[in-house]
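Hi everyone, thanks for coming.

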Amino acid sequence: MDNRFSLLVSLVALLVGVHVVNMLTNGWLLQFGIQPGNPATLPYIFTAPFIHGDWAHLTNNLFGLLVFSLLCMLRGRSFYLMSSLFIIVVTGVLVWFFGRPATHVGASGWIFGLWSLSIAMAWFQRKFVNILIAVFVLFFYGGMVFGVLPRDPHVSFESHLFGALAGIACAYVMTRPKHRRQIRRS
């Protein structure tokens, strides 16, 4: 089995497993979400993307995460893992500093980061594959840009906005010549 495929299957299994535990414990895992400004929750920037409020939240995020993870993995597994870590950390830190007072959970910041990374790579590194991916993403998922606007008070638009910004920053960092050489060696 291809390493990338097994990674995606493992990711889906992890997200579903975490959600089942959360449901069986009446939402006990929600306490491991990001609460902006609360120092005790700063480490939860690593757990928040894996916790979802309900099945609809999880299934909506699973589809987007799978699509943009697959597109990102076209550049390699290490590229995907490094980009995901960068996006999760930057998004989480920005939500912790600037988010509304609430508990922020879900993979949407990660998804918006992978979405904007897919587009921004074409700007920072004008390779045919990057341009092709960006055109595909803009054509089929261009409407996601409206997800960064505050609409529903129960949805963390901050995660969407900061995830999108983190994806652009990640594309910039990943396309720097020194960084590209390090990725190829790993």
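Before we start, a word on classes: Ala, Val, Leu, Ile, Met, Phe, Trp, Tyr, Cys and Pro count as nonpolar, Asp, Glu, Lys and Arg count as charged, and the others, Gly among them, count as polar. And please keep in mind that this is a predicted model.

Let's begin with the largest pocket. Its volume is about 620 Å³. Which residues lie nearest its centre? They are H57, S108, V155, S156 and H160, out of 26 residues that line the pocket. With those classes in mind, the lining of the largest pocket splits into 13 polar, 10 nonpolar and 3 charged residues.

What about the helices? Both α2, residues 55-73, and α4, residues 108-124, supply at least two residues each to this pocket lining. The biggest share comes from α2, which gives 5 residues.

How many cavities of 30 Å³ or more does the count come to? The count is 1. About 120 Å³ of space lies in this largest cavity. Two elements give two or more residues to the lining of the largest cavity, namely α3, residues 77-98, and α4. Here α3 gives the most, with 4 residues.

In total, 15 residues line the largest cavity, and I34, P49, T91, G106 and S159 are the ones nearest its centre. By class, the cavity lining has 8 nonpolar and 7 polar residues, with no charged ones.

That's my tour, and I'm happy to go back to any of these residues on the screen.

Terms used:
Residues numbered from 1 in each chain as written. Predicted model: local features only at pLDDT ≥ 70, side-chain atom pairs only at ≥ 80, totals over all residues. Heavy atoms only, no water. 1 Å grid on protein atoms, 1.4 Å probe; cavity = no way out; pocket = protein on both sides within 12 Å on 5 of 7 lines; lining within 4 Å. Points joined across faces, edges and corners; volume = space filled by probe spheres on them.
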